[in-house]
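Please look through the sequence and the structure shown here before reading on.

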Amino acid sequence: MTKHSDSRAVWSRSRDELISALASLGFPEELGNIIAEHIGSPKGIERMTAYLNYVRPDKVELIADEMMAIKSDIDRWREKKESQQANASYNIVINNGLGDDDD
């Protein structure tokens, strides 16, 4: 199995578990697909599934609120990582120059 197919399998399994958790609460399968697509990461989907299994919300509004909170956390984390990478690249340029041999 390739790395790409492994990641698809993880994503698919996470989505299926989310759909199952939603179905156990009486919500339609399509809601699980929408949530999985919106969150966009297996870890985020797993976090949503844990919320559903633990809290057992009875209103779609509560589910949507949690989905948005998880998505917001993921976005913040990605922005932080991008900023750290940009800062590391900037520091390399500051410390080593642009690689011009004309210095």
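## The nonpolar core and its surroundings

In this predicted model, the largest nonpolar core is made up of 16 residues, and those with the most contacts inside it are Leu18, Leu22, Ile35, Ile39, Met48, Leu52 and Ile63. Two or more residues of this core come from each of the elements α1 (3-24), α2 (29-39), α3 (42-55) and α4 (60-96).

**Met48 and its contacts**
- When neighbours within four places in sequence are left aside, Met48 is in contact with Leu18, Ile35, Ile39, Ile63, Glu66, Met67 and Ile70.

**Helix α4**
- The buried residues in α4 include Ile63, Glu66 and Met67, and also Ile70, Lys71 and Ile74.
- After α4 comes Gly97, which has a positive phi near 80°.

**The loop between α2 and α3**
- Gly40 is placed in the loop between α2 and α3, and it counts as partly exposed because its relative accessibility is 37%, a value between the cut-offs of 20% and 50%.
- Not counting residues up to four places away in sequence, Gly40 touches Trp11 and Arg78.
- Although Gly40 and Lys71 are 31 residues apart in sequence, they are 8.2 Å apart in space, C-alpha to C-alpha.

**The loop between α3 and α4**
- Arg56 lies in the loop between α3 and α4, and it has a positive phi of about 55° although it is not a glycine.
- With a relative accessibility of 43%, Arg56 counts as partly exposed.

Key
Residues numbered from 1 in each chain as written. Predicted model: local features only at pLDDT ≥ 70, side-chain atom pairs only at ≥ 80, totals over all residues. Heavy atoms only, no water. Core = buried A, V, L, I, M, F, W, Y, C linked by side-chain atoms within 4.5 Å. Buried < 20%, exposed > 50% of the residue type's maximum accessible area, 1.4 Å probe, protein only. Helix = DSSP H or I, 4+ residues; strand = E, 2+ residues; numbered from the N terminus. Contact = heavy atoms within 4.5 Å.
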